[in-house]
Amino acid sequence: RRRRQPLSLLLVEIDDFADVAFEHGVERAREKVRQLIGLVTSLPDKTTVQACSDSQIAVLIAGADRAAAVDTARHLLDSARHGVGPAGDRHTLSIGVASVALPAKNFPADALVDAAQRCLFGVRAGGGDGVKSIDIY
């Protein structure tokens, strides 16, 4: 907020996490999340990654407008579809993206989280394996 630059939040969820946990155990499913985090850490320097739950991570990208954030999300989708990690695991992702072009100093950060969550719900409602995005403010 201090630098007045674009800011984007990606909420990334592994679509088949519950199925993998049921069939192969929770530890195997968590390994998928670790592989995903490894994939995300190869992104540009201004990226912060945080696990939100067993199946979901948040990716905050400073300096990325909506178009750049959606490009990043599509890159993650393609990489996951083609296999990540030493085992080359393939899976699908649901990604909700919220961006703000120039956040005000008093910009409520929870508005970015709520918008990304709504987009994520929209992808899930459509069957997963996709990206939905919104620009706020």
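Asp78, Arg81 and Asp129 are linked in a network of salt bridges. A salt bridge here is a side-chain nitrogen of Lys or Arg within 4 Å of a carboxyl oxygen of Asp or Glu. This is a predicted model, where local features need pLDDT of at least 70, side-chain atom pairs count only at pLDDT 80 or more, and totals for chains, interfaces and linings use all residues. Residues are numbered from 1 along each chain as its sequence is written, and side-chain values use heavy atoms, with hydrogens and water left out.

**Salt bridges**

The count comes to three salt bridges.

| Pair | N to O distance |
|---|---|
| Arg124 and Glu13 | 2.8 Å |
| Asp78 and Arg81 | 3.3 Å |
| Arg81 and Asp129 | 3.0 Å |

Arg81 in helix α3 and Asp129 in the loop between α4 and β5 are 48 residues apart, so their pair links distant parts of the chain. Asp78 and Arg81 both lie in α3, three residues apart, about one turn of the helix. Helices (H or I, at least four residues) and strands (E, at least two) are DSSP runs, numbered from the N terminus.

Arg124 lies in helix α4 (residues 109-125) and Glu13 in strand β1, so this pair ties together parts that are 111 residues apart in sequence. Glu13 is buried, at 12% relative accessibility. Arg124 is partly exposed, at 35%. Buried means under 20% relative accessible area, exposed over 50%, and partly exposed in between (1.4 Å probe, protein chains only).

**The sheet**

Five strands form an open sheet, in the order β2-β3-β1-β4-β5, with mixed pairing. Two strands pair if DSSP finds at least two bridges between them. β2 (47-51) and β5 (130-135) stand at the edges with a single partner strand each, so one side of each has no neighbour in the sheet. β4 and β5 run parallel, joined by six bridges. Ala98 stands opposite Ile134 in β5.

**Helices**

α2 packs on the sheet and touches β1 (7-14), β2, β3 (56-62) and β4. Contact means heavy atoms within 4.5 Å. α3 also packs on the sheet, touching β1, β3, β4 and β5.

Helix α1 (residues 17-24) and helix α2 (residues 26-40) have axes that come within 6 Å and cross at roughly 145°. Axes are lines fitted to C-alpha atoms, for helices over the stretch in contact, and angles run from 0 to 180 degrees between N-to-C directions. Residues in this contact include Phe17 and Val20 of α1 and Val26 and Lys32 of α2.
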